Amino acid sequence: MLPLYLLTAAKNQPILVELKNGETINGQLVNCDSWMNLTLKDVIQSSPHGDEFLKISECYIKGIHIKYLRLPEQLMDQAKEQNLQNMEQRNRNNQKRRGQSSNPNANSNASANANSNNSNSAPQRQQ
Amino acid sequence: MSSLKEFLEKKVRVISTDARLFEGILQGYDNSTNVIISNCIELVIYEEDEGEENQQIPLGLYVMRGGNIVCIGEVDESEAIDWSTIHGSELKGTKNPL
């Protein structure tokens with residue numbers, strides 16, 4: 001599993017971020033991107049020696065300043081399960097698509113059906 | 001081509017640029033060596049004359065940024081190490097620009 005995939009699965013969960021300068025930031029993950037830039041809400045920022053605390057309602061962290069992230073322990077299992085479900089869904093879709101293309105007798109009628117089946121996943125060319 | 005693939009789902013130790021030692025199970029990695037470590041513990045080792053007791057701090061699920069990692073090695077579990085009695089001097093931190 002990719003670290004950034006796990007991170008996206010941690011959205012809306014409480015996480016701890018340690019920055020390269022030793023500051024730690026606790027908060028609820030709102031969003032993240034492929035550079036590991038984060039937005040958090042309900043944030044508590046602690047100084048490197050843990051002697052100063054700052055409460056912030058929202059904050060943005062540039063990914064490059066992050067040393068590490070601590071995520072909820074059960075997140076790994078959740079993300080794995082989600083991943084499995086996604087994969088099964090994709091397989092099913094692929095099989096459906098392959099089923100159509102390998103059968104030349106499935107003519108206009110079938111393909112019209114298929115189009116309506118796939119309409120939410122792929123743009124329709126006819127339109 | 002060297003890869004962390006062989007270490008996946010195995011117990012590994014990670015040394016970070018701030019000279020800390022972590023142990024856990026490698027669950028994933030990417031091209032920039034960001035890693036997922038589950039059941040992560042930090043091993044704190046003191047010098048003998050410091051008289052402090054070594055610590056093993058359970059940390060849970062960790063995602064470490066690749067830029068912060070010095071090395072990752074698979075743990076040979078056939079050779080148990082008694083971490084409470086081991087002593088050694090501090091690793092030197094590597095100074096990296098942001």
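Predicted model: local features only at pLDDT ≥ 70, side-chain atom pairs only at ≥ 80, totals over all residues.
1. Overall make-up of chain A. The chain contains 3 helices and 5 strands, and when these elements are read along the sequence they follow the pattern α-β-β-β-β-β-α-α. Of the 127 residues of chain A, 31% count as buried. If one takes the contacts in chain A between residues at least 6 apart in sequence, 43% of them join residues at least 24 apart.

2. A:N83 belongs to helix α2 of chain A, which covers residues 75–101. A:N83 and A:Y5 are 78 residues apart along the chain, and yet their C-alpha atoms are separated by 9.4 Å. With a relative accessibility of 25%, A:N83 counts as partly exposed, because that class lies between the limit of 20% for buried residues and the limit of 50% for exposed ones.

3. Two backbone angles to check. A:M36, found in the loop between β2 (24–32) and β3 (38–46) of chain A, has a positive phi near 70 degrees. A:D42 also has a positive phi, near 50 degrees, but the place of A:D42 is in strand β3 of chain A.

4. A buried serine in a loop. A:S47 sits in the loop between β3 and β4 (53–61) of chain A. The relative accessibility of A:S47 is 15%, so this residue counts as buried, the cut-off being under 20%. Leaving aside residues up to four places away in sequence, A:S47 touches A:E23 and A:E52.

5. A buried asparagine in chain B. B:N54 lies in the loop between β3 and β4 of chain B, and it counts as buried at 14% relative accessibility. Which backbone atoms lie at 2.9 Å and 2.8 Å from polar atoms of the side chain of B:N54? The backbone nitrogen of B:Y46 lies 2.9 Å from a polar atom of that side chain, and the backbone oxygen of B:W83 lies 2.8 Å from a polar atom of the side chain of B:N54. When residues up to four places away in sequence are not counted, the residues that B:N54 touches are B:V44, B:I45, B:Y46, B:W83, B:S84, B:T85 and B:I86.

6. Extent of the contact between the chains. How many residues does each chain give to the contact? Chain A gives 23 residues and chain B gives 21 residues. The area buried between the two chains is about 2000 Å², and carbon and sulfur atoms give 58% of this area.

7. Polar and charged links across the interface. Between chain B and chain A there are 11 residue pairs in polar contact, counting those in which both residues are at pLDDT 80 or more. The interface also holds 2 salt bridges, and one of them joins A:E18 to B:R20, with the closest N and O atoms 3.3 Å apart.

8. The side of chain B that touches chain A. The elements that give two or more residues to this side are β2 (21–29), β3 (35–44) and β4 (55–64) of chain B. The largest share comes from β4(B), which gives 7 residues. Sorted by class, this side of chain B has 10 nonpolar, 6 polar and 5 charged residues.

9. Strand pairing within and between chains. Strand β5 of chain A, residues 66–71, is joined to β4(B) by 4 bridges, and these strands run antiparallel. Two partners can be named in this pairing: A:L71 is the bridge partner of B:L61, and A:Y68 is the bridge partner of B:M64. Within chain B, β3(B) and β4(B) also run antiparallel, and they are joined by 8 bridges.

Note on methods. Residues numbered from 1 in each chain as written. Chains lettered and ligands numbered in written order. Heavy atoms only, no water. Contact = heavy atoms within 4.5 Å. Buried area = accessible area lost by both parts, 1.4 Å probe. Salt bridge = Lys/Arg side-chain N within 4 Å of Asp/Glu carboxyl O. Polar contact = N/O pair within 3.5 Å; in protein donor to acceptor, adjacent residues only side chain to side chain. Nonpolar A, V, L, I, M, F, W, Y, C, P; charged D, E, K, R; others polar. Pairing = 2+ DSSP bridges. Buried < 20%, exposed > 50% of the residue type's maximum accessible area, 1.4 Å probe, protein only.
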